[in-house]
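Here is a friendly briefing to read alongside the model. Take a look at the structure first, then work through the topics below.

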Amino acid sequence: MYGEADTNPQVDIVWHSVPFGHKDSYALQVLAQLLNGRTGRLYKGLVLGRQIATEAYATQISQKWAGCFHIHGEARDGHTPAEVELAIYEELDKLRTEPVPPEELQKVKNNFAAYEYRKLSANMPILMQLLYYDGLGDWRAINENGPKYQAVTAADVQRVVRKYFVKEARSVATYTRKPAAPQPEAGQSPKPHQP
(Lines give C-alpha, C1' and ligand atoms only; values in the text may rest on other atoms or scores of the structure.)
Protein backbone atom coordinates (compact mmCIF):
# COMPACT_ATOMS: atom_id res chain seq x y z
CA MET A 1 0.00 0.00 0.00
CA TYR A 2 1.26 3.46 -0.82
CA GLY A 3 -0.08 6.83 0.30
CA GLU A 4 0.73 10.53 0.46
CA ALA A 5 0.17 12.65 3.55
CA ASP A 6 1.41 15.76 5.30
CA THR A 7 3.93 13.71 7.21
CA ASN A 8 7.54 12.63 7.14
CA PRO A 9 8.19 9.63 4.87
CA GLN A 10 7.64 6.43 6.83
CA VAL A 11 6.92 2.73 6.57
CA ASP A 12 4.67 0.42 8.58
CA ILE A 13 5.07 -3.36 8.32
CA VAL A 14 2.53 -5.69 9.91
CA TRP A 15 2.75 -9.47 10.14
CA HIS A 16 -0.02 -11.88 11.19
CA SER A 17 0.96 -13.36 14.53
CA VAL A 18 -0.93 -14.95 17.41
CA PRO A 19 -3.85 -14.16 19.74
CA PHE A 20 -3.83 -13.61 23.48
CA GLY A 21 -2.70 -16.62 25.50
CA HIS A 22 -0.94 -18.38 22.60
CA LYS A 23 2.37 -19.88 23.74
CA ASP A 24 4.29 -17.86 21.11
CA SER A 25 2.82 -14.53 22.26
CA TYR A 26 5.38 -14.35 25.09
CA ALA A 27 8.39 -14.81 22.80
CA LEU A 28 6.91 -12.24 20.40
CA GLN A 29 6.49 -9.74 23.26
CA VAL A 30 10.11 -10.32 24.26
CA LEU A 31 11.15 -9.85 20.62
CA ALA A 32 9.28 -6.52 20.47
CA GLN A 33 11.18 -5.32 23.53
CA LEU A 34 14.52 -6.44 22.07
CA LEU A 35 13.75 -4.15 19.13
CA ASN A 36 12.31 -1.22 21.13
CA GLY A 37 13.62 1.74 23.08
CA ARG A 38 16.84 3.74 23.03
CA THR A 39 18.86 0.60 23.71
CA GLY A 40 16.80 -1.58 21.35
CA ARG A 41 18.06 -2.96 18.08
CA LEU A 42 15.93 -0.77 15.82
CA TYR A 43 17.06 2.49 17.41
CA LYS A 44 20.71 1.45 17.64
CA GLY A 45 20.72 0.02 14.10
CA LEU A 46 18.60 2.47 12.10
CA VAL A 47 18.74 5.75 14.06
CA LEU A 48 22.21 5.75 15.63
CA GLY A 49 24.09 3.31 13.38
CA ARG A 50 22.98 3.77 9.78
CA GLN A 51 21.34 7.13 10.52
CA ILE A 52 18.59 6.50 7.98
CA ALA A 53 15.66 6.86 10.40
CA THR A 54 14.53 9.37 13.02
CA GLU A 55 12.47 6.79 14.91
CA ALA A 56 11.66 3.10 14.80
CA TYR A 57 9.64 0.85 17.09
CA ALA A 58 7.97 -2.55 17.27
CA THR A 59 4.96 -3.95 19.09
CA GLN A 60 3.20 -7.29 19.41
CA ILE A 61 -0.57 -6.89 19.61
CA SER A 62 -2.38 -10.00 20.87
CA GLN A 63 -6.15 -9.63 20.90
CA LYS A 64 -8.78 -12.18 21.91
CA TRP A 65 -9.07 -13.91 18.53
CA ALA A 66 -6.04 -12.79 16.51
CA GLY A 67 -2.78 -10.91 16.69
CA CYS A 68 -0.27 -8.93 14.70
CA PHE A 69 3.31 -7.75 15.01
CA HIS A 70 3.90 -4.16 13.89
CA ILE A 71 7.18 -2.39 13.08
CA HIS A 72 7.25 1.32 12.23
CA GLY A 73 10.10 3.43 10.91
CA GLU A 74 10.31 7.11 9.95
CA ALA A 75 12.90 8.05 7.32
CA ARG A 76 15.49 10.72 8.05
CA ASP A 77 15.78 13.59 5.51
CA GLY A 78 17.65 12.38 2.46
CA HIS A 79 16.53 8.77 2.94
CA THR A 80 13.50 6.82 1.76
CA PRO A 81 10.95 4.54 3.40
CA ALA A 82 12.29 1.75 1.16
CA GLU A 83 15.74 2.10 2.77
CA VAL A 84 14.17 1.95 6.24
CA GLU A 85 12.08 -1.09 5.27
CA LEU A 86 15.16 -2.94 3.99
CA ALA A 87 17.10 -2.10 7.17
CA ILE A 88 14.23 -3.46 9.31
CA TYR A 89 14.39 -6.77 7.44
CA GLU A 90 18.15 -6.87 7.96
CA GLU A 91 17.72 -6.42 11.73
CA LEU A 92 15.20 -9.27 11.74
CA ASP A 93 17.58 -11.44 9.71
CA LYS A 94 20.23 -10.99 12.43
CA LEU A 95 17.73 -12.25 15.01
CA ARG A 96 16.81 -15.12 12.69
CA THR A 97 20.41 -16.32 12.32
CA GLU A 98 22.21 -15.24 15.51
CA PRO A 99 21.03 -16.13 19.04
CA VAL A 100 20.35 -13.14 21.29
CA PRO A 101 23.25 -12.74 23.76
CA PRO A 102 22.27 -13.78 27.33
CA GLU A 103 22.84 -10.30 28.82
CA GLU A 104 20.62 -8.63 26.20
CA LEU A 105 17.84 -11.15 26.78
CA GLN A 106 18.14 -10.82 30.56
CA LYS A 107 17.85 -7.02 30.35
CA VAL A 108 14.50 -7.41 28.57
CA LYS A 109 13.31 -10.00 31.10
CA ASN A 110 14.26 -7.64 33.93
CA ASN A 111 12.10 -4.94 32.32
CA PHE A 112 9.16 -7.35 32.17
CA ALA A 113 9.66 -8.29 35.83
CA ALA A 114 9.69 -4.62 36.85
CA TYR A 115 6.52 -3.99 34.85
CA GLU A 116 4.78 -7.00 36.41
CA TYR A 117 5.60 -5.57 39.86
CA ARG A 118 4.51 -2.00 39.05
CA LYS A 119 1.15 -3.00 37.60
CA LEU A 120 0.26 -4.66 40.92
CA SER A 121 1.46 -1.80 43.13
CA ALA A 122 -1.99 -0.48 44.14
CA ASN A 123 -5.68 -1.38 43.99
CA MET A 124 -6.51 0.71 40.92
CA PRO A 125 -3.78 -0.75 38.67
CA ILE A 126 -4.78 -4.23 39.84
CA LEU A 127 -8.42 -3.54 38.93
CA MET A 128 -7.45 -2.21 35.49
CA GLN A 129 -5.26 -5.24 34.78
CA LEU A 130 -8.00 -7.66 35.87
CA LEU A 131 -10.52 -5.95 33.57
CA TYR A 132 -8.04 -5.89 30.69
CA TYR A 133 -7.07 -9.55 30.92
CA ASP A 134 -10.65 -10.68 31.54
CA GLY A 135 -11.70 -8.86 28.38
CA LEU A 136 -8.97 -10.65 26.44
CA GLY A 137 -10.06 -14.02 27.75
CA ASP A 138 -8.54 -14.93 31.13
CA TRP A 139 -8.12 -12.72 34.21
CA ARG A 140 -5.62 -15.24 35.64
CA ALA A 141 -3.01 -13.94 33.18
CA ILE A 142 -2.33 -11.18 35.72
CA ASN A 143 -0.50 -13.81 37.81
CA GLU A 144 0.63 -16.19 35.07
CA ASN A 145 2.30 -13.91 32.51
CA GLY A 146 5.40 -13.06 34.56
CA PRO A 147 6.85 -16.59 34.71
CA LYS A 148 6.02 -17.13 31.02
CA TYR A 149 8.08 -14.08 29.98
CA GLN A 150 10.96 -15.26 32.17
CA ALA A 151 10.86 -18.70 30.50
CA VAL A 152 11.47 -17.31 26.99
CA THR A 153 14.84 -18.42 25.60
CA ALA A 154 17.08 -17.14 22.82
CA ALA A 155 16.03 -20.20 20.82
CA ASP A 156 12.36 -19.20 21.27
CA VAL A 157 13.12 -15.74 19.85
CA GLN A 158 14.84 -17.25 16.82
CA ARG A 159 11.99 -19.70 16.31
CA VAL A 160 9.24 -17.06 16.27
CA VAL A 161 11.22 -14.81 13.91
CA ARG A 162 11.63 -17.72 11.49
CA LYS A 163 7.99 -18.81 11.83
CA TYR A 164 6.04 -15.54 11.66
CA PHE A 165 8.24 -13.05 9.80
CA VAL A 166 7.68 -14.37 6.31
CA LYS A 167 6.80 -12.39 3.21
CA GLU A 168 3.45 -14.16 2.74
CA ALA A 169 2.22 -13.05 6.18
CA ARG A 170 3.02 -9.34 5.97
CA SER A 171 1.46 -6.12 4.76
CA VAL A 172 3.54 -3.02 4.06
CA ALA A 173 2.29 0.58 4.02
CA THR A 174 4.58 3.33 2.72
CA TYR A 175 3.82 7.00 3.29
CA THR A 176 5.49 9.86 1.48
CA ARG A 177 5.12 13.59 1.92
CA LYS A 178 2.64 15.35 -0.35
CA PRO A 179 4.39 17.59 -2.86
CA ALA A 180 4.29 21.24 -1.84
CA ALA A 181 1.81 23.44 -3.71
CA PRO A 182 3.52 25.77 -6.18
CA GLN A 183 4.23 29.18 -4.62
CA PRO A 184 3.56 32.38 -6.60
CA GLU A 185 6.62 34.28 -7.73
CA ALA A 186 7.51 37.49 -5.91
CA GLY A 187 5.17 40.30 -6.88
CA GLN A 188 2.44 37.99 -8.25
CA SER A 189 -0.84 37.38 -6.49
CA PRO A 190 -1.98 33.79 -6.04
CA LYS A 191 -4.39 32.43 -8.64
CA PRO A 192 -8.02 32.31 -7.48
CA HIS A 193 -9.42 28.90 -6.60
CA GLN A 194 -11.28 27.28 -9.50
CA PRO A 195 -14.43 25.35 -8.48
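Nine salt bridges are found in this structure, which is a predicted model. Side chains of opposite charge can pair when their charged atoms come close.

**Salt bridges around aspartate 24**

- Aspartate 24 and lysine 23 join their side chains in a salt bridge, with 3.5 Å from N to O.
- Aspartate 24 also meets the side chain of arginine 159 in a salt bridge, here at 2.9 Å from N to O. This second pair links distant parts of the chain, since arginine 159 sits in helix 7 (residues 154-164) and aspartate 24 in helix 1, 135 residues apart.
- Is aspartate 24 buried or exposed? Aspartate 24 has a relative accessible area of 0%, so it counts as buried.
- Lysine 23 has a relative accessible area of 59% and is therefore exposed.
- Arginine 159 is partly exposed because its relative accessibility is 32%.

- Glutamate 90 pairs with arginine 50 in a salt bridge whose closest N and O atoms are 2.5 Å apart. Because glutamate 90 lies in helix 3 and arginine 50 in the loop between helix 2 and strand 3 (53-62), the pair ties together parts that are 40 residues apart in sequence.
- Glutamate 90 is partly exposed, with a relative accessible area of 29%.
- Arginine 50 is partly exposed as well, at 35% relative accessibility.
- Back at the other site, salt bridges that share partners bring Lys23, Asp24, Asp156, Arg159 and Lys163 into one network.

**Helix 3**

- Helix 3 covers residues 81-97, and its 17 residues should span 24 Å at 1.5 Å a residue. The C-alpha atoms at its ends are 25 Å apart, which agrees with that expectation.
- Which residues of helix 3 are buried? They are Pro81, Val84, Glu85, Ala87, Ile88, Tyr89, Glu91, Leu92, Leu95 and Arg96.

**Helix 4**

- Helix 4 (residues 102-118) has 17 residues, and from its first C-alpha to its last it reaches 24 Å, close to the 24 Å expected at 1.5 Å a residue.
- Glu104, Leu105, Val108, Lys109, Phe112 and Glu116 are the buried residues of helix 4. Because they cover an arc of only 135° around the axis, they lie on the same side of helix 4.
- An α-helix has 3.6 residues a turn, so residues three or four places apart point the same way.
- The cover over the buried residues of helix 4 includes helix 1, helix 2, helix 6 and helix 7.
- On the other side of helix 4, the exposed residues are Glu103, Tyr117 and Arg118.

**Loop residues**

- Asparagine 36 lies in the loop between helix 1 (24-35) and helix 2 (41-49). Asparagine 36 counts as buried because its relative accessibility is 16%, under the 20% cut-off.
- What does asparagine 36 contact, leaving aside its neighbours within four places in sequence? Asparagine 36 is in contact with Tyr57 and Ala58.
- Tryptophan 139 belongs to the loop between helix 5 and helix 6 (141-150), and at 40% relative accessibility tryptophan 139 is partly exposed.
- Leaving aside neighbours within four places in sequence, tryptophan 139 is in contact with Leu130, Tyr133 and Asp134.
- From C-alpha to C-alpha, tryptophan 139 and glutamine 129 are 8.0 Å apart in space, and they are ten residues apart in sequence.
- Valine 166 is located in the loop between helix 7 and strand 5 (170-177), and with a relative accessible area of 28% valine 166 is partly exposed.
- Valine 166 and histidine 16 are 150 residues apart along the chain, with 9.5 Å separating their C-alpha atoms.

**A nonpolar surface patch**

- Met124, Leu127, Met128 and Leu131 make a nonpolar surface patch of about 410 Å².
- Leucine 131 is exposed because its relative accessibility is 55%, over the 50% cut-off.

Methods: Residues numbered from 1 in each chain as written. Predicted model: local features only at pLDDT ≥ 70, side-chain atom pairs only at ≥ 80, totals over all residues. Heavy atoms only, no water. Patch = residues over 30% accessible without salt bridge, like charges linked within 9 Å, V, L, I, M, F, W, Y side chains within 5 Å. Areas by Shrake-Rupley, 256 points an atom, 1.4 Å probe, with all protein chains shown as cover. Salt bridge = Lys/Arg side-chain N within 4 Å of Asp/Glu carboxyl O. Buried < 20%, exposed > 50% of the residue type's maximum accessible area, 1.4 Å probe, protein only. Helix = DSSP H or I, 4+ residues; strand = E, 2+ residues; numbered from the N terminus. Expected span 1.5 Å × (residues − 1). Contact = heavy atoms within 4.5 Å. Arc of directions from axis to C-beta.
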